[in-house]
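This briefing concerns a single protein chain and the packing of its secondary structure. Please consult the sequence and coordinates shown here alongside the points that follow.

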Amino acid sequence: MIILMFALIGFGATAQASIEVYEFDNPSQEAQYKGLIEEFRCPKCQNQNLAGSDSQISQDLKRKTYEMVMAGQSDAQIREYMYERYGDFISYKPPVRPSTWILWYFPPLILLLLVAGWLLRTKARNRKQVTTVQATEGTQQTATTHNSELDKVGANLSSEEAQKLKDLLKEHSNKDLSNKE
């Protein structure tokens, strides 16, 4: 019973959909028509072109496109008619003019800015790493110098005093390293 009900609903839906068949004088007219209805967007459906839409407005636009193709109008003339009537939104390929610059130039501009920002950030990070490595090497050289000076000074100190002095200098150099990072 349920299957029969779904079958009747499906039959009713297909009976309402009408398929318009247009006859052309030559294959170039047919190619022109198909190219245009693929390019134009359905004003009601928004994410479908005229070729894939069954809305009433798309049927009217397909019929108008067919009439204009059969009248011998060029693609440019048909596009101009559609732009005048429905605006640049009608086309998936809007013309380049001041009102559509944001569509054409904003995405590549954002991409360039993101790449430039990434490159600058990477360079800054590399510079910071190089500076840190150089500072660490300099601190190690300073510590070595301090150790040799400590050995000179340590000659006049007792072994216990020399050890305390080494520990203090080591602690001091570790604090310097942590402050520089």
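Predicted model: local features only at pLDDT ≥ 70, side-chain atom pairs only at ≥ 80, totals over all residues.

**Helix α3 and its surroundings**

Helix α3 is followed by Gly-72, whose phi is positive, near 90°.

**Overall architecture**

- The secondary structure of the protein chain amounts to 6 helices and 0 strands, in the order α-α-α-α-α-α along the sequence.
- Buried residues make up 19% of the 181 residues in the protein chain.
- Where contacts in the protein chain link residues at least 6 apart in sequence, 49% of them join residues at least 24 apart.

**Helix α3**

- Helix α3 covers residues 56-70, which is 15 residues.
- From the first C-alpha of α3 to the last, the helix reaches 21 Å, close to the 21 Å expected at 1.5 Å a residue.
- Ser-58, Gln-59, Leu-61, Lys-62, Thr-65, Tyr-66, Met-68 and Val-69 are the buried residues of α3.
- An α-helix has 3.6 residues a turn, so residues three or four places apart point the same way.
- The cover over the buried residues of α3 includes α2 (27-39) and α4 (75-86).

**Pairing of α2 with α3**

- The axes of α2 and α3 come within 10 Å and cross at roughly 145°.
- The crossing in which α2 passes α3 is right-handed.
- On the α2 side, the residues that meet α3 are Gln-29, Gln-32, Tyr-33, Leu-36 and Ile-37.
- Their counterparts in α3 are Lys-62, Thr-65, Tyr-66, Val-69 and Met-70.
- Sorted by class, this contact of α2 with α3 comprises 6 nonpolar, 3 polar and 1 charged residues.
- Among the α3 residues in this contact, Lys-62, Thr-65, Tyr-66 and Val-69 are also listed as buried.

**The largest nonpolar core**

- The largest nonpolar core holds 15 residues, of which Tyr-33, Phe-40, Leu-50, Ile-78 and Ile-90 touch the most other members.
- Each of α2, α3 and α4 supplies at least two residues of this core.
- The largest share of the core, 4 residues, is contributed by α3.
- Tyr-33 is among the core members with the most partners, and Tyr-33 also belongs to the α2 residues that meet α3.
- Once neighbours within four places in sequence are left aside, Ile-90 is in contact with Glu-39, Phe-40, Arg-41, Pro-43, Leu-61, Met-82 and Tyr-83.
- One of these partners of Ile-90 is Leu-61, a buried residue of α3.

Notes
Residues numbered from 1 in each chain as written. Heavy atoms only, no water. Expected span 1.5 Å × (residues − 1). Buried < 20%, exposed > 50% of the residue type's maximum accessible area, 1.4 Å probe, protein only. Contact = heavy atoms within 4.5 Å. Core = buried A, V, L, I, M, F, W, Y, C linked by side-chain atoms within 4.5 Å. Axes fitted to C-alpha atoms, helices over the stretch in contact; angles between N-to-C directions. Left-handed = near helix turned anticlockwise from the far one by under 90°. Nonpolar A, V, L, I, M, F, W, Y, C, P; charged D, E, K, R; others polar.
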